[in-house]
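Hi everyone, thanks for making time. I'd like to walk you through one structure today, so please have the viewer open and follow along with me.

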Amino acid sequence: MKLNGLVQTDDRRALKSITKQLNLDNVCNGKIFGSFAENLSFLLLSLKSGNRNFSKSTIFILDEFDLFCLHHNQTLLYNLFDISQSSQSPICVIGITCRLDVVELLEKRVKSRFSHRQIFLLPESDDIKGRINLFKELLKLPTAQVCKLINKKEK
C-alpha cells in the first residue's frame, strides 16, 4: 500500500486510494458511503476482520509523511497507528520524509500511538541493495518473539 502526501492531500483522498489499492471498492455491492466516517469505519472493519492465522500482512508506505501530519485532526494517522498496535490485524506503517522534526508535527494523541522507531538515512550512500536488505531485516520479528506471541495467544 503506497500513499503520497503530495497526491493524497487530505484523509478522504487517502482513504479512497487505500480502498482502491486493497480492492475493497467493489466489496459493498455498489453501496457508496457518503461520509468520511462511514468510509473509515468500513476500512477499519475490513482491516480487523479475517482469521489472524490466515490474514496477510499489510504494509502502508506513506511517502512525504510530513504532509500527512498536516491533515485535519490527523484522523487517518491516528487510526492506522492504532490498528498497527492491536493484535487483530498485522499491519505496519512506514513514514518516509526528509524532515528530521516530523515527530513534533504529530498531535499528542497520535504521538502516543507512534512506536517512536526512526531510521535516519544519509543521502550520501547510494547502496540501494544494502538499504533494501536493511529494511527487510528491520521488518522481521525475531523468531523467539514470534513464538512467544503465538504461545501466549493459544493459552
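Let me start with a term we'll need in a moment: a salt bridge here is a side-chain nitrogen of Lys or Arg within 4 Å of a carboxyl oxygen of Asp or Glu. Please also keep in mind that what you see is a predicted model.

With that cut-off in hand, go to Asp66, which sits in helix α3, residues 65-68. Which side chain of opposite charge is nearest to Asp66? The answer is Arg99, at 4.7 Å. A salt bridge has to be within 4 Å, and Asp66 has none, although Asp66 is buried. Setting aside residues up to four places away in sequence, Asp66 touches Thr97, Arg99, Val102 and Leu105. In other words, Arg99 is one of the residues that Asp66 touches, yet no salt bridge is counted for Asp66.

There is a second case like this. Asp11, in helix α1, is also buried without a salt bridge, and there the nearest side chain of opposite charge is Arg109, 7.5 Å away. Beyond four places in sequence, the residues that Asp11 touches are Phe36, His71, His72, Gln74, Thr75 and Leu76.

Now let's zoom out. The protein chain has 7 helices and 3 strands, and along the sequence they come in the order β-α-α-β-α-α-β-α-α-α. Of its 155 residues, 30% are buried. If you take the contacts between residues at least 6 apart in sequence, 66% of them join residues at least 24 apart.

Asp11 takes us to a helix pair. Helix α1, residues 11-21, packs with helix α2, residues 36-48, at an angle of about 35°, and their axes are 10 Å apart. The crossing of α1 past α2 is left-handed. On the α1 side, the contact is made by Asp11, Arg12, Leu15, Ile18 and Thr19, while α2 brings Phe36, Asn39, Leu40 and Leu43. Sorted by type, that contact has 5 nonpolar, 2 polar and 2 charged residues. A quick reminder on spacing: an α-helix has 3.6 residues a turn, so residues three or four places apart point the same way.

Next, please find helix α4, residues 75-85. Why do I call α4 largely enclosed by the rest of the structure? Because 8 of its 11 residues are buried. The buried ones are Thr75, Leu76, Leu77, Tyr78, Asn79, Leu80, Phe81 and Ile83. As for what surrounds them, the buried residues of α4 pack against helices α1, α2, α3 and α5 (108-111), and against strands β2 (58-63) and β3 (91-96).

Apart from neighbours within four places in sequence, Leu77 is in contact with Leu62, Phe65, Phe68, Cys69, Leu106 and Val110. Take Leu106 from that list: Leu77 and Leu106 are 29 residues apart along the chain, and their C-alpha atoms are separated by 9.0 Å.

Back to charges, then. Side chains of opposite charge can pair when their charged atoms come close. How many salt bridges does the structure hold? There are 5, and I'll show you some of them.

One is between Lys2 and Asp63, at 3.6 Å from N to O. Lys2 lies in strand β1, residues 2-4, and Asp63 in strand β2, so this pair ties together parts that are 61 residues apart in sequence. Lys2 is partly exposed at 47% relative accessibility, whereas Asp63 is buried at 19%.

Another joins Asp82 and Arg113, at 2.9 Å from N to O. Here Asp82 belongs to helix α4 and Arg113 to the loop between α5 and α6 (128-139), so the pair ties together parts that are 31 residues apart in sequence. Asp82 is partly exposed, with a relative accessible area of 31%, and Arg113 is partly exposed too, at 23%.

Finally, we come back to Arg109. Arg109 forms a salt bridge with Glu107, where the closest N and O atoms are 3.3 Å apart. Arg109 is partly exposed at 35%, as is Glu107 at 28%. So that's where Arg109 has its bridge, while Asp11, buried in helix α1, has none.

Thanks, everyone, and I'm happy to take questions.

Note on methods:
Residues numbered from 1 in each chain as written. Predicted model: local features only at pLDDT ≥ 70, side-chain atom pairs only at ≥ 80, totals over all residues. Heavy atoms only, no water. Helix = DSSP H or I, 4+ residues; strand = E, 2+ residues; numbered from the N terminus. Buried < 20%, exposed > 50% of the residue type's maximum accessible area, 1.4 Å probe, protein only. Lys, Arg positive; Asp, Glu negative; His and termini not counted. Contact = heavy atoms within 4.5 Å. Axes fitted to C-alpha atoms, helices over the stretch in contact; angles between N-to-C directions. Left-handed = near helix turned anticlockwise from the far one by under 90°. Nonpolar A, V, L, I, M, F, W, Y, C, P; charged D, E, K, R; others polar.
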